[in-house]
Amino acid sequence: MRITTIGATATAVAVLASPITSTPAPTPATVPAVPAASVVSKPAKAASVHGEARISYIESVHDDIRFTIHAEQTPFTRPMPPTAPEGLPTDARGTLKFSHSRGEVTGWAEATVDCLVTSGRTATMTAVVTKSNVEEPGARLGISVQQGGKGEPDRLGFSWGVVNVDPENVDENGQLVRPQAGSCMAPAPFTTVIKGGYKVIHAEITKSPTQPEPAPHHS
């Protein structure tokens with residue numbers, strides 16, 4: 001897998017909040033008793049990233065580079081026996097697509113998201129290539145996204161080009177070969193979104209399931 005430079009895109013997803021009205025609190029005597037069986041707990045919020053955008057990359061400022069991302073965290077859905085038989089809290093699903101056009105030549109790839117972790121307006125994820133004319137199927141790509149705030153643009157980073165270089169890893173011609181990214185491993189978002197954008201929804205990592213207690217020993 002030789003080092004290439006390729007780019008990104010994303011469509012922002014609107015999130016609407018319902019207004020909260022202010023009403024006097026009822027006195028204890030008027031508070032109705034609610035049967036426990038009728039209380040429905042809300043499902044836990046899932047971390048996610050959605051959108052598509054064109055980015056500006058310092059090494060290819062005149063190229064058309066776009067990323068489309070639709071990713072959602074699905075904890076403990078990718079078992080990895082024997083070390084993580086339940087999977088990981090950062091397991092995820094979704095799709096990543098990118099294209100990088102220079103003149104009449106376009107490099108592109110489609111990949112399946114396998115890991116996602118968030119912090120505030122920032123997310124890192126990885127996706128495994130399924131189809132591409134520039135990447136090998138099965139290669140894992142690392143992507144980072146930062147949703148801009150207070151008028152700042154969104155940003156994006158990717159695990160090829162100027163990062164993820166191992167000086168000892170070269171091919172028969174002495175050319176650098178890019179190491180594969182580990183799950184959820186991605187650089188800081190070092191490029192700027194110039195069209196489109198991303199919506200990052202943060203959620204804390206879910207605690208791993210409790211391991212079963214060993215069966216009691218009977219002598």
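Predicted model: local features only at pLDDT ≥ 70, side-chain atom pairs only at ≥ 80, totals over all residues.
Student: How many salt bridges does the structure hold?

Tutor: The structure holds 7 salt bridges.

Student: What makes the contact of D64 and R66 a salt bridge?

Tutor: The side chains of D64 and R66 approach to 2.6 Å, N to O. The cut-off for a nitrogen of Lys or Arg and a carboxyl oxygen of Asp or Glu is within 4 Å, so the contact qualifies.

Student: Why is D64 called partly exposed?

Tutor: D64 has 21% relative accessibility. Buried means under 20% and exposed over 50%, so D64 counts as partly exposed. R66, at 26%, is likewise classed as partly exposed.

Student: Which residues form one network with R54?

Tutor: Salt bridges with shared partners join R54, D64 and R66 into one network.

Student: How do you know that E72 and R93 form a salt bridge?

Tutor: Their side chains meet at 3.7 Å, N to O.

Student: What makes the pair E110 and K131 a tie between separate parts of the sequence?

Tutor: The closest N and O atoms of E110 and K131 are 3.5 Å apart, in a salt bridge. E110 lies in strand 4 (residues 105–119) and K131 in strand 5 (residues 122–132), so the pair ties together parts 21 residues apart in sequence.

Student: Why is K131 not called exposed?

Tutor: K131 has 46% relative accessibility, whereas exposed requires over 50%; K131 therefore counts as partly exposed.

Key
Residues numbered from 1 in each chain as written. Heavy atoms only, no water. Buried < 20%, exposed > 50% of the residue type's maximum accessible area, 1.4 Å probe, protein only. Helix = DSSP H or I, 4+ residues; strand = E, 2+ residues; numbered from the N terminus.
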